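Here is a short briefing to read with the model open beside you.

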Amino acid sequence: MLKALLKKQFLETTAFVYQSGKEGKNRSVGVIVAYVFLLLYAVVVIGAMFFLVAQTLCEPLLMSGLKWLYFALMGLLATLLGIIGSAFMAYSGLYEAKDNELLLSMPIPPAKLLFVRILWLYITCLLFELLVLAPAGIVYIMDGEATIVWAAVFVMIALLLPFLALSLSCILGLVIAFFATRIRNKSLITVVLTLAFLGLYFYGYSQVGNLLNLLLKNAQAVADTVKGVLYPVYLLGMASTGDFVALIAVAGIVIGCFAIMYLVLSKSFVSLLTKKRGAVKKAYIRRDMKQGTVSGALFRKEVKRFFGCPVYLLNGGLGVVFLAVALVALLVKWNWLKETLGQMLPGMEGMLSLIVCLAICLLTSMDCVSAPSISLEGKNIWVLQSLPVRSSDVFKAKLKLHLVVNAVPAMICFAVACLFLQQGIVLSLLEAFFIVGFVLLCGLSGLALNLLSPNLTWTNESIPVKQGASVVISMFGSWGVLIGFAILYILLGSFVGTVWFLIFGLIIIWAVNGGLWYFLCTKGNSIWNNL
């Protein structure tokens, strides 16, 4: 039974790579290779970033006789990355999986189900932490005095540390699950907390260079502080150098934390899975019934799903947050932004207006609202198909949500930018139509791609929202379009001028939009009916 559960969890998690969510058939070798390439690319990029951090720290700390501090800092970074990578999966993976009730109805002991889910989260934490620990080990082999004993101890540390990140992530998921049973709309709270966390993360990442310089200048003071205040971190650093007493102490702390976490989860796992969600009770007030329109009903359905799914709301609305940040930057730091862009692009001050336009388009491309919208219908897609509504009405509702989420804040941000740019009305109107056309292009292309390769067999909303092929292709494809326009303007802008270049771009974008909508209304209609 345990083997079958592990196999199910593995196949379910990796299905997006080798299996089509539309028909359940295996993908072609080329598509599988493309997915694997994207994953390897992400691994290489993140690993290279931490390799540079390790290179910055290793040699100075080794020369100062603070080898343990190097391993302590890299171990702390690995733990933080493990928590970041698995914290958002702990709640959804343990308590929000769509097959929880089905599995609990079978003669499967809940303890085994919990063990499988915890084991998979451990593997996730391990993979994230290896992105830090593997570069740290390679840099030490290059700069330090690596031995076989050290290598064996370092491998043991790498296997132990994920238990600590896993414990913290699962406790966080337990807290969210506890409050989720007592509040009506947890999506907005989840998104606000996530955005606050991401804000702190990005701020910390922007200060990495300053922190590293400060740390290297005051290495001994930092070491003394760690010994006095963060003694477990000191033990981690000593254990990584080959101190077996410290290794035993670290193992005891980590395994103890994990055992406490597992005991707490095992006591509350079934009760939280089966407890009904809380809801605010409202007194019924009799009112006259009003007949609505089909398009209005479909749009309200899309809005409720968008605001009712935290992972969808976060991934589909992150660009809006960045647009708000950009709006504040325009109001507060316009002169600084103008001077900085002038230094980065000397002699190209005329491009400033177009740069602002393309930057707003770039921020809107991060909101993949339409790309997973068909997949999110899941196994209930037959409900929409059985209603007396046209497929074009369904597509319009999904596109309308994409436009409301992206085009409205983009236009507000652009209107403020126009006040600072002080450009002509013709250029402003052309750029406004360009932004709206680009937002519509992202929505139509995402919807068409999702229609061609939907995933209707998911058990967790994060799979179509985060791992869907249509989301990845739509996002990277939109970036490619913007890069292509930027390159064309650099090559041709000085000859044709900004106005005529924008007219040329508008013709292309709106022609492609027309072609995509024609595809959705013709070929897309038959595809929709056969999903």
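A polar contact here is a pair of N or O atoms within 3.5 Å; within protein, one must be able to donate a hydrogen and the other to accept it, and residues adjacent in sequence count only if both atoms are side-chain atoms. With that in hand, the side chain of S375 makes a polar contact with the side chain of N450, at 2.8 Å. This is a predicted model, in which local features need pLDDT of at least 70 and side-chain atom pairs count only at pLDDT 80 or more, while totals for chains, interfaces and linings use all residues. Residues are numbered from 1 along each chain as its sequence is written, and side-chain values use heavy atoms, with hydrogens and water left out.

**Overall picture**

- The protein has 20 helices and zero strands; helices (H or I, at least four residues) and strands (E, at least two) are DSSP runs, numbered from the N terminus.
- Of its 531 residues, 44% count as buried, where buried means under 20% relative accessible area, exposed over 50% and partly exposed in between (1.4 Å probe, protein chains only).
- Among contacts with a separation of 6 or more, 84% join residues 24 or more positions apart; contact means heavy atoms within 4.5 Å.

- Helix α17 (residues 425-452) has 28 residues and reaches 40 Å from its first C-alpha to its last, close to the 40 Å expected at 1.5 Å a residue; the expected span is 1.5 Å times one less than the number of residues.
- Because 21 of the 28 residues of α17 are buried, the helix is largely enclosed by the rest of the structure.
- The axes of α17 and α19 come within 1 Å and cross at roughly 30 degrees; axes are lines fitted to C-alpha atoms, for helices over the stretch in contact, and angles run from 0 to 180 degrees between N-to-C directions.
- α17 and α19 are therefore roughly parallel to each other, given that angles under 35 degrees count as roughly parallel, over 145 as roughly antiparallel, 65 to 115 as roughly perpendicular and the rest as oblique.

**Other helix pairs**

- The axes of α14 and helix α19 (residues 469-521) come within 11 Å and cross at roughly 155 degrees, so the two are roughly antiparallel.
- That contact is made by L354, L358, C361 and L362 of α14 together with W479, L482, A486, Y489, F501 and L502 of α19.
- Helix α9 (residues 219-229) and helix α10 (residues 231-240) have axes that come within 5 Å and cross at roughly 115 degrees, so they are roughly perpendicular.
- In this pair, V226, K227 and V229 of α9 meet Y231, V233 and Y234 of α10.

**S375 in its loop**

- S375 sits in the loop between α14 (352-364) and α15 (381-386) and is buried, with a relative accessible area of 3%.
- A polar atom of the S375 side chain also lies 2.9 Å from the backbone nitrogen of N455.
- Leaving aside neighbours within four places in sequence, S375 is in contact with N450, P454, N455, L456, W458 and P464.

- T79 belongs to helix α3 (residues 67-95) and is buried, with a relative accessible area of 7%.
- Not counting residues up to four places away in sequence, T79 touches E129, L161, L164 and A165.
- T56 lies in helix α2 (residues 29-63) and is partly exposed, with a relative accessible area of 32%.
- A polar atom of the T56 side chain is 2.8 Å from the backbone oxygen of L52.
- The C-alpha atoms of T56 and V139 are separated by 9.7 Å, and the two residues are 83 residues apart along the chain.
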